[in-house]
Amino acid sequence: MARGSRQRQRFRRDRHGRGLRGPLFPSTVPAASSRAEKFDALVLDALEPIEARWRHDLTELDVAVDEVPEVRMEIPSTQVDGVLLDGRVPLSRLVPAGVDRDGLPTRARIVLYRRPLEARAKDPTELSELVHDVLVEQVANYLGVEPDIIDGG
């Protein structure tokens, strides 16, 4: 009987019986968040003051996060078609409203690329500032105004 119960315990863990019995951190503490979840929260924090001021102009705009951009080698080193670049690496993209492959209408959206943005920041404070600057630039591009108008007041 004792041997059977020992085998049942083994099945609850990894193959060699050395795995974690449960989560390392409770889900309520910040350490339990993944890098992607922390970045999403950072984007929401950076977007909040912009959205508070420009709420009526941004009702038809979505903001999304992708891990990495789909890179094409023919992209020049300037902002083209709503793509904000650092050298040849896209940091974000403004996708205009349009029609998808199935003929359904789509909303305009800003897509931030998490990995390139994280790679350019030395610390969380610099990443926060970079995300804010990129969002300001893309919202200004969407509204057709100067970034200083979006950021300043």
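Buried means under 20% relative accessible area, exposed means over 50%, and partly exposed lies in between (1.4 Å probe, protein chains only). The model is predicted: local features need pLDDT of at least 70, side-chain atom pairs count only at pLDDT 80 or more, and totals for chains, interfaces and linings use all residues. Residues are numbered from 1 along each chain as its sequence is written, and side-chain values use heavy atoms, without hydrogens and water.

**Exercise 1.** Classify E67 and R114, then find what joins them.

*Solution.* 
- Step 1. E67 has 40% relative accessibility, so E67 is partly exposed.
- Step 2. R114 has 8%, so R114 is buried.
- Step 3. A salt bridge needs a side-chain nitrogen of Lys or Arg within 4 Å of a carboxyl oxygen of Asp or Glu.
- Step 4. R114 and E67 meet in a salt bridge, at 3.6 Å from N to O.
- Step 5. R114 is in helix α3, and E67 is in the loop between β1 (61-66) and β2 (83-86). They are 47 residues apart.

**Exercise 2.** Describe the pair E118 and R35.

*Solution.* 
- Step 1. Their closest N and O atoms are 2.8 Å apart, in a salt bridge.
- Step 2. E118 sits in helix α3 (residues 114-119) and R35 in helix α2 (residues 35-54). The two are 83 residues apart.
- Step 3. E118, at 17%, is buried. R35, at 52%, is exposed.

**Exercise 3.** Name the salt-bridge network that holds R35 and E67.

*Solution.* 
- Step 1. The network links R35, E67, R114, R115 and E118.
- Step 2. The structure holds six salt bridges.

Methods. Helix = DSSP H or I, 4+ residues; strand = E, 2+ residues; numbered from the N terminus.
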